[in-house]
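Here is a short report on one protein model. Please look over the sequence and the structure before reading on.

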Amino acid sequence: MIINLLRGAAAFCLALTPLALPTPAAATALVTVPEVLPLEDAVGKLPVAEEDRTGYTRDSFKHWNTGLDAADGCDTRDEVLLAEAVQEPAVAAGCKLSGGKWDSYYDGVEVGEADNLGIDHTVPLAEAWESGAGTWDAERREAYANDQGAAASLVAVTARTIRSKADQDPATWMPPLPDAHCRYVGEWTATKLRWGLTVDPAESEALKVYAEACETTVVHYNPAP
């Protein structure tokens, strides 16, 4: 469906008409070139800084909003569920989902009921705040909290793993399924690079350790608009 296609796009698509074609220079300025790096190199690009959670509240990040398609009756949470379903659910009025199947990659659990899933911010809101988002305006924080421009930003996983993770970074929490670790570290790193966020010293060291163990992991990211 449309949501799946839109959410998987690298950043955004431009619709061009014969009446309003940009000049080559303008087109070049508008296109965001994706970065593709080995995990170790990607981790090395993350700036290291001390974190500051002063002033943080969850309400500082408006979510969930109307998502990619304001006319579909689904909010961001529902759109992510639809995009990540391995067996598509039925959608009733008010975007009520029933049936369907999802694979929660944090713990390797197959889930057959949308209410048993949560949508995790790969980099939690509090972590984003103390890593740079505390200086953003409300509009950019809303964009971060509802980011479907990169598949790594939001992920449908079991609610219990989200509760276990809370606001922790990879220095103190990793998915309970060991096979998920390399993917998780890659997506964490991609999200921080996409949004220009920093890492604290302990987090940086943990990421470097995982990067050494995840030699074949490749990080894909586009800078956020």
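**Basis**

This is a predicted model, in which local features need pLDDT of at least 70, side-chain atom pairs count only at pLDDT 80 or more, and totals for chains, interfaces and linings use all residues. Residues are numbered from 1 along each chain as its sequence is written, and side-chain values use heavy atoms, with hydrogens and water left out.

**Overall fold**

The protein has nine helices and eight strands. Helices (H or I, at least four residues) and strands (E, at least two) are DSSP runs, numbered from the N terminus. Of the 225 residues, 44% count as buried. Buried means under 20% relative accessible area, exposed means over 50%, and partly exposed lies in between (1.4 Å probe, protein chains only). A contact means heavy atoms within 4.5 Å. Among contacts between residues at least 6 apart in sequence, 71% join residues at least 24 apart.

**Helix H8**

H8 spans residues 181-194. From first C-alpha to last it reaches 20 Å, close to the 20 Å expected at 1.5 Å a residue. The expected span is 1.5 Å times one less than the number of residues. Twelve of the 14 residues of H8 are buried, so the helix is largely enclosed by the rest of the structure. Among them are Tyr184, Trp188 and Leu193. Their cover includes helix H3 (39-44), helix H9 (201-213) and strand S8 (218-221).

Which residues does glutamate 187 contact, leaving aside its neighbours within four places in sequence? They are Tyr105, Thr122 and Ala152. Glutamate 187 sits in H8 and counts as buried, at 14% relative accessibility. After H8 comes glycine 196, with a positive phi near 65°.

**Disulfides**

A disulfide is taken as a pair of cysteine sulfur atoms within 2.5 Å. By this rule there are two.

| Pair | S to S distance |
|---|---|
| Cysteine 74 and cysteine 95 | 1.9 Å |
| Cysteine 182 and cysteine 214 | 2.0 Å |

Cysteine 182 is partly exposed, with a relative accessible area of 26%. Cysteine 214 is buried, at 4%.

For cysteine 74 and cysteine 95, the S-S torsion is about 90°, so that disulfide is right-handed. Cysteine 74 lies in the loop between H3 and H4 and cysteine 95 in the loop between S2 and S3, so the pair ties together parts 21 residues apart in sequence. Both cysteine 74 and cysteine 95 are buried.

Most residues other than glycine have a negative phi, and most peptide bonds are trans. Cysteine 95 is not a glycine, yet its phi is positive, about 60°. Its relative accessibility is 5%. Alanine 166 also has a positive phi, about 55°, although it is not a glycine. Alanine 166 is in the loop between H7 and H8 and is partly exposed, with a relative accessible area of 42%. A cis peptide bond joins histidine 63 and tryptophan 64, with omega about -5°. Tryptophan 64 is in the loop between H3 and helix H4 (76-84).
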